[in-house]
Amino acid sequence: MFDENFWASYYHDDHLPWDMGRVSPPLQAYIDQLTDTQARILIPGAGRGHEALYLWQKGFRNFYVLDMARPALEYVRNQLPNLPASHFICNDFFKHHDAYDLILEQTFFCALHPDLRSRYARHMHSLLTPGGKLTGVLFTFPLDVSQKTPPFGGSMQEYSRLFTPLFREVSISPCYNSHPARQGREAFIKLVK
């Protein structure tokens, strides 16, 4: 529905209304407490890759950046020239198959059409190793079913119904440390396979 050309056009026009220009504060706080720098990490829908840059600064080297917009990946690759080319994956999330200890979610879920939410949950589950975690930020403003383009909102109750059948541990709570422009509009998720 929102293909490579749709997303690439945002980068070609340099119109990135979702880009905070920095690592998401909730994910920064989460990354700060990680100790296993060898963990295999995926960042889907990475955009300008602020979380990837932060991981690099913190000594992580086993992370992978996935985006279907080639200009987004090229931007991140230019910022991280020492990360091997194989760590930059230009692909549709649903066509990507591998195994990760941790997946960092930075509102990628809300960039997908709501019809894909069940498929997203199942695919995320399939990408995680046993005991692996899907952790990050989802928007919590009301979902407008007439809306034509992302970001799409949702509720913590909806997210709980979606993820609880698949994951053995589900934690969803309001973000206490959101970027000021997103205060009161984000939930932090930690889901364990």
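Hi everyone, let's start where two helices touch: Arg117, Ser118, Tyr120 and Ala121 in H5 meet Glu158, Tyr159, Leu162 and Phe163 in H6. "Meet" here means contact, that is, heavy atoms within 4.5 Å. By class, this contact of H5 with H6 has five nonpolar, one polar and two charged residues. For those classes, Ala, Val, Leu, Ile, Met, Phe, Trp, Tyr, Cys and Pro count as nonpolar, Asp, Glu, Lys and Arg as charged, and the others, Gly among them, as polar.

A quick word on what we are looking at. This is a predicted model, where local features need pLDDT of at least 70 and side-chain atom pairs count only at pLDDT 80 or more, while totals for chains, interfaces and linings use all residues. Residues are numbered from 1 along each chain as its sequence is written, and side-chain values use heavy atoms, with hydrogens and water left out. When I say helix (H or I, at least four residues) or strand (E, at least two), I mean a DSSP run, numbered from the N terminus.

Back to our pair. The axes of H5 and H6 are 10 Å apart, and the two helices pack at an angle of about 50 degrees. Axes are lines fitted to C-alpha atoms, for helices over the stretch in contact, and angles run from 0 to 180 degrees between N-to-C directions. H5 and H6 are therefore oblique to each other. On that scale, angles under 35 degrees count as roughly parallel, over 145 as roughly antiparallel, 65 to 115 as roughly perpendicular and the rest as oblique. The crossing of H5 and H6 is right-handed: a crossing gets that name if the near helix is turned clockwise from the far one by less than a right angle, and left-handed if anticlockwise.

Now for the sheet. What is the order of its seven strands? Reading across, this open sheet goes E3-E2-E1-E4-E5-E7-E6, with mixed pairing. Two strands pair if DSSP finds at least two bridges between them. Strand E3 (88-90) and strand E6 (169-174) stand at the edges with a single partner strand each, so one side of each has no neighbour in the sheet. Neighbouring strands are turned by 15 degrees against each other on average, direction ignored.

Let's zoom in on some pairs. Buried means under 20% relative accessible area, exposed over 50%, and partly exposed in between, using a 1.4 Å probe and protein chains only.

Which helices lie across this sheet? H6 (residues 156-163) lies across E5, E6 and E7, running at about 170 degrees to E6. H2 lies across E4, E5 and E7, at about 155 degrees to E4.

H2 also has a helix partner. The axes of H2 (residues 25-32) and H3 (residues 50-57) come within 11 Å and cross at roughly 25 degrees. H2 and H3 are therefore roughly parallel to each other, and their crossing is right-handed. In this contact, Leu27, Gln28, Ile31 and Asp32 in H2 meet Glu51, Tyr54 and Leu55 in H3. If you spot a spacing there, remember that an α-helix has 3.6 residues a turn, so residues three or four places apart point the same way.

Is H3 mostly covered or mostly open? Mostly covered: six of its eight residues are buried. The elements covering those buried residues include H2, strand E1 (41-44), strand E2 (63-67), helix H4 (70-79) and strand E4 (100-106). Just after H3, Gly59 takes a positive phi of about 95 degrees.

Ile31, in helix H2, counts as buried at 1% relative accessibility. Leaving out residues up to four places away in sequence, Ile31 touches Glu51, Tyr54, Leu55, Lys58, Phe60 and Leu104.

Then there is Thr107, in the loop between E4 and helix H5 (117-127). Thr107 is buried, with a relative accessible area of 11%.
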